[in-house]
Amino acid sequence: MVVAALVVASPGAAADPIHVGASTAALRQPVQDEVAPRVSPSCAASTSLVAGCESWIHVGGGANRLEDMQMSINGRHLFVATLDIDSGLTRVEAVDREKGEPVWSVELGGSEGGLGERGALRPTPDGKQVMVVRHVVPLEGPEKVVLDLLDAADGSTGAQVELARPDLGLSNLRLREAFIRPDAGRIVLMWLHFASPSTYAAAVSVHDPTDGTTLWAGGPWPGLTWESVYSGDGERLFVSLQAQVSGQWDYRTFAFHAENGTLIWSSDYAGRGTGLADGPREMTLARDGSRLYVSGFTEARSGIWDWGTIAYDAATGTVLWTTRFGIGSFFAQPDTLAVAPDDSRLYVGGGLAWGGDTTVIAYDTATGTQLWRSDYSRPGGGIEFNTELLATADGLRLLAVGTHVNTGSAHDYTTMALNGTNGAREWVAHFNASVRDDDIAYRALLGPDESSIYVAGLSRLPGSVQVMVVSYPVVGPVVTQKVVPLIGAGCDVDAQGNPRLQCGVDAPRLELGCQAKSNPGVTSAECGAEAAGQRLSCRVQSAGSQPLRCPD
């Protein structure tokens, strides 16, 4: 295992990339300086890879928004794109996937400040270049959307292609979001037109990345474009829209012929009918391409939102099933979707309420029947949501990444591993770079062999906001949690530096199994129990085994 030093920027260099060293004792010492990332207390004493403990932390440059994160074709690097809205600079970084060390970083200019909309990046199939689509907002002159080509090996800039704006007869047309087709052969731009403060028009255009020409454009339609996805064969493009229909908001889903824009089918979903708002939030295809799943919010009554999920026949648009889920809360909505590798389960993750818990639900893809539900909350409350759901290739594990409020009323990255077949929680990890400020997770990727997960987001540090990428082992020794919720500081040390004998002092005791499913040679014991006359201090050690940490 590589040991790297913890390097903290000098006061005058806060915007420069910082490498925070890898996964051993140098990193796992308690961090006192709030500029440096904080390792969870139970991970700080670990000397070996433990599922849910940080294996490395990469601190990138200053940014206001994380645009995208993708993996190199050879699996060696993570490419991360961020935007500094104040300066208008887009930063693209390559990070060593195994060590978290910076490989190269490049800044792309052209904007002089202002709000550029969300861009995208993707490596080309041959692995030689990185495509970066970004919205350029100069102080003078028209806005434009450009494609930059970077050398994947060293970040050197190559050709720049301007993507032609579609001629739809709309003067105030703004880019909403960009997507690059998985084979890098097409670029999809989703547009928004503000006709009035309460009236919108949406459009989509498809471009050839070699010269930027518009191959076709669709719209304008009354409403907001939300999501697009290509079929696996690249022949169809699906677009979801929050449509304004007769004065109310509904789901609208289109299927287009990908190369010429011919409409194949469209379908509306009005939830419970007149006067109630509905809106799609996420869309994904079955792995075999036969079904299209759309999920979003659907109003049950004024201000009370349910989740509404629809399964379509992807070829015809026929509705196969719909399902609603709600707990009678304000502004509950799903944030992310994933499909099991064998297409048997659809996973939907999101927030249960404004200021409430998050949950993941598994549905039977044939019928829409709920198979299981896994809720999660932290004592801090606040706005909590899921960002990504990633299913492993064997279908046994589901990784859920999101953001939750800690006891200091600030947000932290939250990463958890669930059993894919029954929803049982295997481990939970929180990342907190600054105790009193927010850390918001936006993107996550599984490594090529699925042994690690990489979570990227933004952390508000004293005087700056910076991109943070955290690596966690997915598999390895794990502990079992027998009673929830976790109350108190957990399995750390007291004021005198002695291990706590009980998890959550002066609170209902949280008993931890402290056993490793993947290491059957380790005996199990409760936190605070005594065995062979020795207190176990929330970990157990048997012959030939490493000490196991307990989760926060």
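Predicted model: local features only at pLDDT ≥ 70, side-chain atom pairs only at ≥ 80, totals over all residues.
Me: Fine. Where is Ala184 found?
Reply: In the loop that links strand S11 (173-180) and strand S12 (187-196).
Me: What is its phi, for Ala184?
Reply: Near 65°. That is a positive value, and Ala184 is not a glycine.
Me: Is Ala184 buried or exposed?
Reply: Ala184 is buried, because its relative accessible area is 9% and the cut-off is under 20%.
Me: What about the phi of Asp343?
Reply: Positive, about 65°, and Asp343 is no glycine either. Asp343 sits in the loop between strand S22 (333-339) and strand S23 (345-351). At 14% relative accessibility, Asp343 counts as buried.
Me: Switching to peptide bonds. Which residues does a cis bond join?
Reply: Gly219 and Pro220, with omega about 0°. Most peptide bonds are trans. Pro220 lies within strand S14 (residues 214-230).
Me: Now Pro448. Where is its place?
Reply: In the loop between strand S30 (439-446) and strand S31 (452-461).
Me: Pro448: buried or exposed?
Reply: Exposed, because its relative accessible area is 52% and the cut-off is over 50%.
Me: What is Pro448 in contact with, sequence neighbours within four places aside?
Reply: Met71, Gly75 and Arg97.
Me: And how far is the C-alpha of Pro448 from that of Asn74?
Reply: 9.0 Å, with the two residues 374 apart along the chain.

Definitions and conventions. Residues numbered from 1 in each chain as written. Heavy atoms only, no water. Helix = DSSP H or I, 4+ residues; strand = E, 2+ residues; numbered from the N terminus. Buried < 20%, exposed > 50% of the residue type's maximum accessible area, 1.4 Å probe, protein only. Contact = heavy atoms within 4.5 Å.
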